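Reader: Please take me through some local features of this model, one at a time. I would like each answer to end on the value or name I ask for.

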Amino acid sequence: MLYYLFEYLNKQLDFPGAGVFQYITFRSGLAVILSLLISTVFGKRIINFLRRQQIGETVRELGLEGQSQKAGTPTMGGLIIIFSTLIPVLLLAKLDNIYIMLLIVTTLWMGSIGFIDDYIKIFKKDKEGLKGKFKVVGQVGLGLIVGYVLYFHPAVTVRTDTSTTNIFQTDQNVISAAPVEEKSTATTIPFFKNNEFDYAEVLSFMGDDYKDYAWLIFIPVVIFIITAVSNGANLTDGIDGLAAGTSAIAVLTLAIFAFVSGNIIFSNYLNIMYIPNSGEMTVYIASFVGALVGFLWYNTYPASVFMGDTGSLTIGGIIAVLAIAVRKELLIPVLCGIFLAENLSVVMQVSYFKYTKKKLGEGKRIFLMAPLHHHYQKKGYHESKIVTRFWIVAILLSIFSLVSLKLR
């Protein structure tokens, strides 16, 4: 909203200093500060409200040290993340940008699913919360929306060949020599020299018009990624500060990808796909990072609030959509390696237990407990040590992901 106000002041009234709002970097910096202030200042009020309403976590007895003391800690703290993200975005971002619209829909959609899940757990006294099949339906529904929009919307275009002459660009606008843009389902294969892969190529056996059916591959891929990453974030939210901290690190990396992909100068220099209008996502990401860091103020050990599924499902959904939008979804196993490890630990544990029970008559386990962070808790590591080390691993994975821009 403020973007349009200052755009009017700049163009119509030539108001001094109003033009600074045209710059993505300025609005991103402002978004970080504003979201941090909202999450830290108003976060305390939200926590007090949740405490007064007795919206507390019911902790299962897992045999973990310190677990019982967490019972009654306010949950649904994901509301802090959602509000602290959306308010700066509504004020500072270009709301007619298709990527911003998609991210707002993702935030509200996944936030609603998580809220319903938390509501059932707390007020209906059902520890299982929303049935798994309904969560999957919600995730698939979002995947259909995101996949359809990214495939069919005319504003979603790419340019893999950014070579041109006489280019001059601010971080907001191309001044001259605008590149030819095209609809494409191309994505990036990290660490390879010729690293563009078009999902449509999978259907090349169908004849000359195979690209017309590329949505048959693209949309299911989007659905799978959104479902997998949101569930991975949900599993990672098991100890204080783990999910919020690792997510903030991954999202900050995606901010860099979004900025360089939306800037023809940087995309040309780095020899990556130029994605018009994608740079605007940097404003959203900056607000999201600020909200996550502000939430950590209250979520680090010992936590004053838990994000609940309201937060974890939302975080996973946003990260997935961001990665898909900047055509870096194949980098998710590296960038979100913590989420992947948590997911795999559960899958391996359950599968091995069922297999050994069927073969030996007694179920055996690979880990002391799954997800993976509980395994280390069982081994006697303190929560703070586990979280700090997971953060360090997340930082290393993010650096490795950024290196993929030039290392091929």
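Author: Asn271 sits in the loop that runs between α8 (264-270) and α9. Helices here are DSSP runs of H or I with at least four residues, and strands are runs of E with at least two, numbered from the N terminus. The model is predicted, so local features need pLDDT of at least 70 and side-chain atom pairs pLDDT 80 or more, while totals for chains, interfaces and linings use all residues. Residues are numbered from 1 along each chain as its sequence is written, and side-chain values use heavy atoms, with hydrogens and water left out.

Reader: What is the phi of Asn271, and is Asn271 buried or exposed, or partly exposed?

Author: Asn271 is not a glycine, yet its phi is positive, at about 55 degrees. Buried means under 20% relative accessible area and exposed over 50%, with partly exposed in between (1.4 Å probe, protein chains only). Asn271 is partly exposed because its relative accessible area is 48%.

Reader: Which loop holds Phe191, and what is its phi?

Author: The loop between β1 (186-188) and β2 (196-198) holds Phe191. With a relative accessible area of 25%, Phe191 is partly exposed. Phe191 is a residue other than glycine with a positive phi, near 70 degrees.

Reader: Where is Pro302, and what is the omega of the peptide bond from Tyr301 to Pro302?

Author: Pro302 belongs to the loop between α9 (281-299) and α10 (308-325). The peptide bond that leads from Tyr301 to Pro302 is cis, and its omega is near -10 degrees.

Reader: What is the omega of the peptide bond from Ala370 to Pro371?

Author: Pro371 is found in the loop between α12 (337-360) and α13 (372-378). The bond from Ala370 to Pro371 is cis, with omega near 0 degrees.

Reader: How many salt bridges does the count come to?

Author: A salt bridge is taken as a side-chain nitrogen of Lys or Arg within 4 Å of a carboxyl oxygen of Asp or Glu. By this rule the count is 5 salt bridges.

Reader: How far apart are the closest N and O atoms of Lys121 and Asp117?

Author: Lys121 and Asp117 are separated by about one helical turn, because they are 4 residues apart in helix α4 (residues 98-123). Asp117 is buried, with a relative accessible area of 0%, whereas Lys121 is partly exposed at 29%. In their salt bridge the closest N and O atoms are apart by 3.5 Å.

Reader: Which residue in helix α5 pairs with Asp117?

Author: A second salt bridge of Asp117 has an N to O distance of 3.2 Å, and its partner is Lys135. This pair links distant parts of the chain, 18 residues apart, with Asp117 in helix α4 and its partner in helix α5 (residues 132-152).

Reader: Which residue in helix α10 does Lys121 pair with?

Author: Lys121 also forms a salt bridge with Asp309, where the closest N and O atoms are 3.6 Å apart. Lys121 lies in helix α4 and its partner in helix α10, so the pair ties together parts 188 residues apart in sequence.

Reader: Which residues are linked in a network of salt bridges?

Author: The pairs described above share residues, with Asp117 bonded to Lys121 and to Lys135. Lys121 is bridged to Asp309 as well. The network of salt bridges links Asp117, Lys121, Lys135 and Asp309.
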